[in-house]
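This report describes one protein model for a reader who has not seen it before. Please look over the sequence and the structure first.

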Amino acid sequence: MTESLSIQSASPEETQAIGRLLGERAQPGDVFLLSGPLGAGKTCLTQGIAWGLGVVEYARSPTFVIMTRYLGRLILYHFDLYRINDPLEAWDLGLDEQLFGDGACVVEWAERAEEVFPPDCLWIDLEYVADGDGRVITITDPPARYLPMLESLKSHSPD
């Protein structure tokens with residue numbers, strides 16, 4: 001049976017607040033894989049995750065540099081795979097070293113290298129709401145290690 005959690009976000013600030021909840025509960029080795037169209041809120045969610053980890057900087061999408069590292073309670077490795085053409089390029093960037101390290105990783109455009117990620121990552125899909133400016137954040141089949149973290153998000157879920 002497929003389990004999913006859908007959360008409505010009405011604004012960038014609300015998306016950041018949802019990310020903050022994830023970051024506050026993140027543990028060493030957590031990997032957040034973000035997918036969704038341009039402008040769907042992947043970077044906003046990442047900013048919240050970073051702030052939840054105690055990062056004081058404002059996370060920006062690393063589209064051209066591919067990876068940015070932020071220091072907080074854990075090191076946050078923020079990847080953006082928008083510009084890669086082949087999943088193996090992700091390995092060439094050193095992604096594997098960060099995925100299996102002691103920090104936390106956020107990967108935007110993760111679907112571009114889906115086959116290189118281990119099965120215990122948290123996939124988060126962000127989509128536009130059909131009738132408005134909001135977003136829907138959907139987490140499907142979360143691995144067991146993330147279930148306690150996701151309990152804090154259920155209050156944001158319309159289900």
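## Basis of the model

This is a predicted model, in which local features need pLDDT of at least 70 and side-chain atom pairs count only at pLDDT 80 or more, while totals for chains, interfaces and linings use all residues. Residues are numbered from 1 along each chain as its sequence is written, and side-chain values use heavy atoms, with hydrogens and water left out.

## The chain as a whole

The protein chain has five helices and seven strands. Helices (H or I, at least four residues) and strands (E, at least two) are DSSP runs, numbered from the N terminus. Along the sequence, their pattern is β-α-β-α-β-β-α-α-β-β-β-α. The radius of gyration of the protein chain is 14 Å, close to the 15 Å that the globule rule gives for 159 residues, so the chain is as compact as a globular protein of that length. The radius is taken over C-alpha atoms, and the globule rule is 2.2 Å times the number of residues to the power 0.38. Along the principal axes, the C-alpha atoms fill a box of roughly 40 × 35 × 30 Å.

Of the 159 residues, 51% are buried. Buried means under 20% relative accessible area, exposed over 50%, and partly exposed in between (1.4 Å probe, protein chains only). The accessible surface of the protein chain comes to about 7,800 Å², and carbon and sulfur atoms hold 51% of that surface. These areas come from the Shrake-Rupley method with a 1.4 Å probe; for residues, only the protein chains shown count as cover. Among contacts with a separation of 6 or more, 65% are between residues 24 or more positions apart; contact means heavy atoms within 4.5 Å.

## The sheet

Seven strands form an open sheet with mixed pairing, in the order β1-β7-β6-β2-β5-β4-β3. The edges are held by β1 (4-9) and β3 (67-71), each with a single partner strand, so one side of each is left without a neighbour in the sheet. Neighbouring strands are turned by 20° against each other on average, direction ignored. Two strands pair if DSSP finds at least two bridges between them.

The parallel sense is seen in β4 and β5, which pair over five bridges; here H78 stands opposite V106 in β5. Helix α1 packs on the sheet and touches β1, β2, β6 and β7, and its direction makes about 140° with that of β1. For such angles, axes are lines fitted to C-alpha atoms, for helices over the stretch in contact, and the angles run from 0 to 180 degrees between N-to-C directions.

Strand β7 has two antiparallel partners: β1, over six bridges, and β6, over five bridges. T140 in β7 is the bridge partner of S4, and T138 in β7 is that of D125. Five of the six residues of β7 are buried. The hairpin of β6 and β7 has six residues between the strands, and G132 in this hairpin takes a positive phi near 155°.

## Helix α2

Helix α2 (residues 42-52) is mostly covered, with nine of its 11 residues buried. Among them are L45, I49 and A50. The buried residues pack against α1 (12-25), β2 (31-35), β4 (75-80), β5 (104-108), β6 (122-128) and β7 (135-140). Just after the helix, G54 takes a positive phi of about 90°.

## Single residues

S9 lies in strand β1 and counts as buried because its relative accessibility is 3%. Its side chain reaches the backbone oxygen of S11 at 3.0 Å and makes a polar contact with the side chain of T15 at 2.6 Å. A polar contact is a pair of N or O atoms within 3.5 Å; within protein, one must be able to donate a hydrogen and the other to accept it, and residues adjacent in sequence count only if both atoms are side-chain atoms.

Most residues other than glycine have a negative phi. W109, in the loop between β5 and β6, has a positive phi of about 60° although it is not a glycine. W109 is buried, with a relative accessible area of 10%. D141, in the loop between β7 and α5 (147-151), has a positive phi of about 50° and is not a glycine either. At 43% relative accessibility, D141 counts as partly exposed.
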